[in-house]
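Colleague: I would like to go through this model feature by feature. Please give the general idea each time, then the case at hand.

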Amino acid sequence: MTLPNYEIYAIRYARRDAKRAEHFIGGDPHDAPMPMDYFTWIVKGGGRVIAVDTGFTEPVGTRRGRQHLRDPAQTLARLDIDAREISDVVLTHMHYDHVGGFASYPKARFHLQEKEMRFVTGRHMRYPVFGHSFEVDEVVGLVRLNFQGRVEFHNGEAEIAPGISLHHVGGHTAGLQVVRVHTQRGWVVLASDASHYFEHIRSNRLFTVAYHLGDMIDAFRTVERLADSPDHIIPGHDPLVTKIYPAASPALEGVILRLDVAPTAP
Ligand SMILES: [Zn+2]
């Protein structure tokens, strides 16, 4: 059976200024700026539209000092996609900047690793070092969705459509998963927060928000194994993604990027 070649789009919806030392365990000798971008993703093809993550809401992002640029769900209209009609949303993990916009997808079921729900409703949330990246109201919101039968729990690997699979990696959070997608250029992996920047996976350095450091390193290797090449790995927060991947159209420069085509620079 030939697999569909899916299109992948990244929606850049927020940003913040930051320094290099904030992004690496052990700090960094260079006191240089290292701004962060925030994305959601769309996988489209074979008659399907699947959203990956939902972004944070404007009030939560503003409270946390992030610069909200646009609503990710509303921005999908620029791809002629109506978020209200999307039937499947993958949540890579439940950090506020990945899950906050879930209410914009009223018909969707949400694909989540069961370990992540256990993590965010479990004993570690009392400690700010783990709990501070989650919003309790959003955790409760997902619990409510589960009672409505709208959370699809996965354990480990799951193929949710031909050529689209989810893979538990953990590390950054207990239940983090990455998404592998078949495209015209081969297997692309949406690494999400398994590698915030290209630099993390390429130099085996670890991001400062972490649940299990060994699992974070192992996640790098899993992502590399799943992707056709290092250029097929899409980090979750790197402004370089915006620089090296083409806009979906000239009018969408810096807003929506096309990831199923080769990057302009390695
Ligand atoms: Zn995260």
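**Reading the fold**

Modeller: Buried residues make up 45% of the 266 residues in the chain, where buried means 20 or more other C-beta atoms within 10 Å of the residue's own, exposed means 12 or fewer, partly exposed lies in between, and C-beta atoms are placed from the backbone. This is a predicted model, in which local features need pLDDT of at least 70, side-chain atom pairs count only at pLDDT 80 or more, and totals for chains, interfaces and linings use all residues. Residues are numbered from 1 along each chain as its sequence is written.

Colleague: How many helices and strands does the chain have, and why does its radius of gyration agree with a compact globule?

Modeller: There are 9 helices and 13 strands, which are DSSP runs numbered from the N terminus (H or I, at least four residues, for helices; E, at least two, for strands). The radius of gyration is taken over C-alpha atoms, and the globule rule is 2.2 Å times the number of residues to the power 0.38. For 266 residues a compact globule would be near 18 Å, and the chain has 17 Å, so the two agree. Along the principal axes, the C-alpha atoms fill a box of roughly 45 × 45 × 35 Å.

Colleague: Which residues have the most contacts inside the largest nonpolar core?

Modeller: In soluble globular proteins, nonpolar side chains tend to be buried together. A nonpolar core is a set of buried Ala, Val, Leu, Ile, Met, Phe, Trp, Tyr and Cys residues joined through C-beta atoms within 7 Å. Here the largest one has 64 residues, and those with the most contacts inside it are Tyr-9, Ala-10, Trp-41, Val-43, Val-189, Leu-190 and Val-223. Strand 1 (residues 7-16) gives the most to this core, with 6 residues. Contact means that C-beta atoms, placed from the backbone, lie within 7 Å. Beyond its neighbours within four places in sequence, Ala-10 has contacts that include Phe-39, Trp-41 and Val-241.

Colleague: Which residues of helix 8 are buried, and why do they lie on the same side?

Modeller: An α-helix has 3.6 residues a turn, so residues three or four places apart point the same way. In helix 8, the buried residues are Met-216, Ala-219, Phe-220, Val-223 and Leu-226. They cover an arc of only 140° around the axis (taken from the directions from the helix axis to the C-beta atoms), which puts them on the same side of helix 8. The face turned away from that buried side carries the exposed residues Gly-214, Arg-221 and Arg-225. The buried residues of helix 8 pack against several elements, including strand 10 (177-183), strand 11 (186-192) and helix 7 (198-203).

Colleague: Which strands are joined to strand 6 by bridges?

Modeller: Two strands pair if DSSP finds at least two bridges between them. Strand 5 (residues 88-90) runs parallel to strand 6, with 3 bridges, and strand 7 (residues 151-154) is also parallel to strand 6, with 4 bridges. Phe-110 has Val-89 as a bridge partner and Val-151 as another. In strand 6 (residues 109-113), 4 of the 5 residues are buried.

Colleague: Is Val-139 buried or partly exposed, and why?

Modeller: Val-139 lies in helix 6 (residues 136-147). Val-139 is partly exposed, because 19 other C-beta atoms lie within 10 Å. Leaving aside neighbours within four places in sequence, Val-139 is in contact with Met-94, Val-120, Thr-121 and Phe-134. The C-alpha atoms of Val-139 and Val-120 are separated by 6.9 Å, although these residues are 19 apart along the chain.

Terms used
Two residues are in contact if their C-beta atoms, placed from the backbone, lie within 7 Å.
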